[in-house]
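I opened my notebook to look this structure up step by step. Here it is.

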Amino acid sequence: QVQLVESGGGLVQPGGSLTLSCATSGSIFSINTMGWYRQAPGKQRDLVARITSGGSTNYADSVKGRFTISMDNAKRTVYLQMNNLKPEDTAVYYCNALIRITPTSTNTYWGQGTQVTVSS
């Protein structure tokens with residue numbers, strides 16, 4: 001069974017940095033894309049950043065220039081380096097992956113979520 005295991009959330013002061021990690025476990029054929037979404041209290045879950053297995057990336061406008069997404073294909077792990085964090089970045093961050101389980105079957109998976117709190 002495929003699982004996404006996240007780590008790296010926590011409390012940080014404004015202007016600080018955090019790195020989130022999300023590792024894929026279980027038997028898979030290949031990874032199409034991996035990404036990060038976030039959901040603040042009372043708000044919808046929105047895309048933060050996404051990366052394809054080929055290395056193409058896209059970011060939400062609100063994090064461009066501050067966040068960097070990367071993927072280690074060999075480790076099947078995606079990272080989100082977050083710099084110059086702002087209070088409005090406070091949210092639960094969820095890892096997402098579009099994974100090809102077999103050559104003809106693709107599923108979407110979500111991690112359990114990790115809390116990021118930016119506060120002085």
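How much accessible surface does the protein have, and what share belongs to carbon and sulfur atoms? I found about 6,200 Å², with 47% of that surface belonging to carbon and sulfur atoms. Accessible areas come from the Shrake-Rupley method with a 1.4 Å probe, and for residues only the protein chains shown count as cover.

Entry on ground rules. I am reading a predicted model, where local features need pLDDT of at least 70, side-chain atom pairs count only at pLDDT 80 or more, and totals for chains, interfaces and linings use all residues. Residues are numbered from 1 along each chain as its sequence is written, and side-chain values use heavy atoms, with hydrogens and water left out.

Entry on overall form. I looked up the spans of the C-alpha trace along its principal axes and noted about 50 × 25 × 25 Å. Next came the radius of gyration, taken over C-alpha atoms; the globule rule is 2.2 Å times the number of residues to the power 0.38. For 120 residues a compact globule would have a radius near 14 Å, and the protein agrees, with 14 Å. I then checked burial (buried is under 20% relative accessible area, exposed over 50%, partly exposed in between, with a 1.4 Å probe and protein chains only). Of the 120 residues, 38% count as buried.

Entry on contacts. A contact means heavy atoms within 4.5 Å. I took contacts between residues at least 6 apart in sequence, and 53% of them join residues at least 24 apart.

Entry on strands. I listed 0 helices and 11 strands. Both are DSSP runs numbered from the N terminus: helices are H or I with at least four residues, strands E with at least two.

I picked out an open sheet of 4 strands, antiparallel, in the order β1-β3-β8-β7. Here two strands pair if DSSP finds at least two bridges between them. β1 (3–7) and β7 (67–72) each have a single partner strand, so one side of each is left without a neighbour in the sheet. Within this sheet, β3 (residues 18–25) and β8 (residues 77–82) pair in the antiparallel sense over 6 bridges. Leu20 has Leu80 in β8 as its bridge partner.

Entry on one residue. Is Thr114 buried or exposed? Thr114 is buried, at a relative accessible area of 11%. Leaving out residues up to four places away in sequence, I found that Thr114 touches Glu6, Gly9, Leu20, Ala91, Val92 and Tyr93. The Thr114 side chain also reaches the backbone nitrogen of Gly9 at 3.3 Å.

Key
Polar contact = N/O pair within 3.5 Å; in protein donor to acceptor, adjacent residues only side chain to side chain.
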